[in-house]
Amino acid sequence: MSGITHDYMEDYIRSLIPESTDKFKELEDFAKEHKVPIAQKETAKFLEFMVSMKKPLRILELGTAIGYSAILMYEASGYKASITTIERDENMIKYASENFKKYNLEDKIEIKAGDCLEVLESLEEPYDLIFMDAGKGHYNHFLPHCLRLLKEDGIIVADNVLFRGMVASNDLVKRRKITIVKRMRKYLDIVSKDENLITSVIPMGDGIAVTKRR
Ligand SMILES: C[S@@+](CC[C@H](N)C(=O)[O-])C[C@H]1O[C@@H](n2cnc3c(N)ncnc32)[C@H](O)[C@@H]1O
């Protein structure tokens, strides 16, 4: 149970999503076997939908892991986007690099090795879509940079914003997660109350927040 919606709802929505094939099946199987957290099925479908609708030419991703969502976004863009993805874990960088090489995507998807905040500080060119999927406890610190790097009509998609329901209900909060929960609430508060932004919070997967400028 995700703590976000009822099991029967999740099961039903997941049952509607066709089984992945080819590279995506391989990547999902690898992630499962090695316990690497990648976008949940319904989140991946939502991301695919957003990218195919928005048709971004420049995408920034926070949190590469094995490269699953980066490859998914590249394909959903109609094989047109150039993607920059940030990752600090050396093993993940190795796996993702191997995957991008294996699928001939090395010149389409660039990994920036390092901590998101440090890499964000060094970036200057604007992006059409930013996918926040790393450092749950730091989204509110990443936000000013993401807004600086977001094109006028760009979109920020932030995953895990309800964090197993803990962000919405104190009854679910585990003591050791309290800091992350407080910071995530702050993130949602800022993007929801800023008059210059429009944000929609979707109780899907682990919770997704989509933000754009008014
Ligand atoms: C949920 S996984 C990303 C999954 C990936 N987006 C996907 O769906 O295929 C989060 C990744 O972010 C990385 N990460 C966490 N905090 C980070 C930080 N502050 N800077 C850079 N990478 C970070 C972790 O090592 C992990 O690989």
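Helices (H or I, at least four residues) and strands (E, at least two) are taken here as DSSP runs, numbered from the N terminus. On that basis, the protein chain has 8 helices and 7 strands. The structure is a predicted model, in which local features need pLDDT of at least 70 and side-chain atom pairs count only at pLDDT 80 or more, while totals for chains, interfaces and linings use all residues. Residues are numbered from 1 along each chain as its sequence is written, and side-chain values use heavy atoms, with hydrogens and water left out.

Along its principal axes, the C-alpha trace spans about 45 × 40 × 30 Å. Of the 214 residues in the chain, 48% are buried (buried means under 20% relative accessible area, exposed over 50%, and partly exposed in between, with a 1.4 Å probe and protein chains only). Among contacts (heavy atoms within 4.5 Å) with a separation of 6 or more, 68% are between residues 24 or more positions apart.

The annotated positions come next. In an unreviewed entry, UniProt lists D133, D159 and N160 under "binding site"; UniProt positions are given in the numbering used here, feature names are shortened, and annotations may be inferred rather than shown by experiment. These three residues span 28 residues in sequence, yet no two of their C-alpha atoms are more than 7.4 Å apart, so they gather at one spot. D133, D159 and N160 also belong to the lining of the largest pocket. On a 1 Å grid over the protein atoms alone, a pocket is an open set of points with protein on both sides within 12 Å along at least five of seven lines, whereas a cavity is a set of points where a 1.4 Å probe fits but cannot get out; lining residues have an atom within 4 Å of a point.

Within this group, D159 lies in strand β5, which covers residues 150-159. D159 counts as buried, at 4% relative accessibility. Leaving aside neighbours within four places in sequence, the contacts of D159 include T43, F131, D133, Y139 and D206. N160 is found in the loop between β5 and α8 (178-193), and N160 is also buried, with a relative accessibility of 13%. Residues up to four places away in sequence aside, N160 touches D133, K136, Y139, M184, D206 and G207. The side chains of N160 and D206 are joined by a polar contact of 2.8 Å, a polar contact being a pair of N or O atoms within 3.5 Å; within protein, one must be able to donate a hydrogen and the other to accept it, and residues adjacent in sequence count only if both atoms are side-chain atoms.

A further UniProt "binding site" annotation, again from an unreviewed entry, covers S69, E87 and D133. Although these residues are spread over 65 residues of sequence, they cluster in space, with a largest C-alpha distance of 12.8 Å. The lining of the largest pocket includes S69, E87 and D133. S69 lies in helix α4 (residues 68-76) and is buried at 6% relative accessibility. Beyond residues up to four places away in sequence, S69 touches L47, E61 and F131.

E87 lies in strand β2 (residues 82-87) and counts as buried at 11% relative accessibility. A polar atom of the E87 side chain lies 3.2 Å from the backbone nitrogen of T64. Apart from neighbours within four places in sequence, E87 is in contact with residues including G63, T64, K112 and G114.

G114 itself is in the loop between β3 (109-113) and α6 (116-122), and is partly exposed, with a relative accessible area of 22%. The C-alpha atoms of G114 and I86 are separated by 6.8 Å, although these residues are 28 residues apart along the chain.
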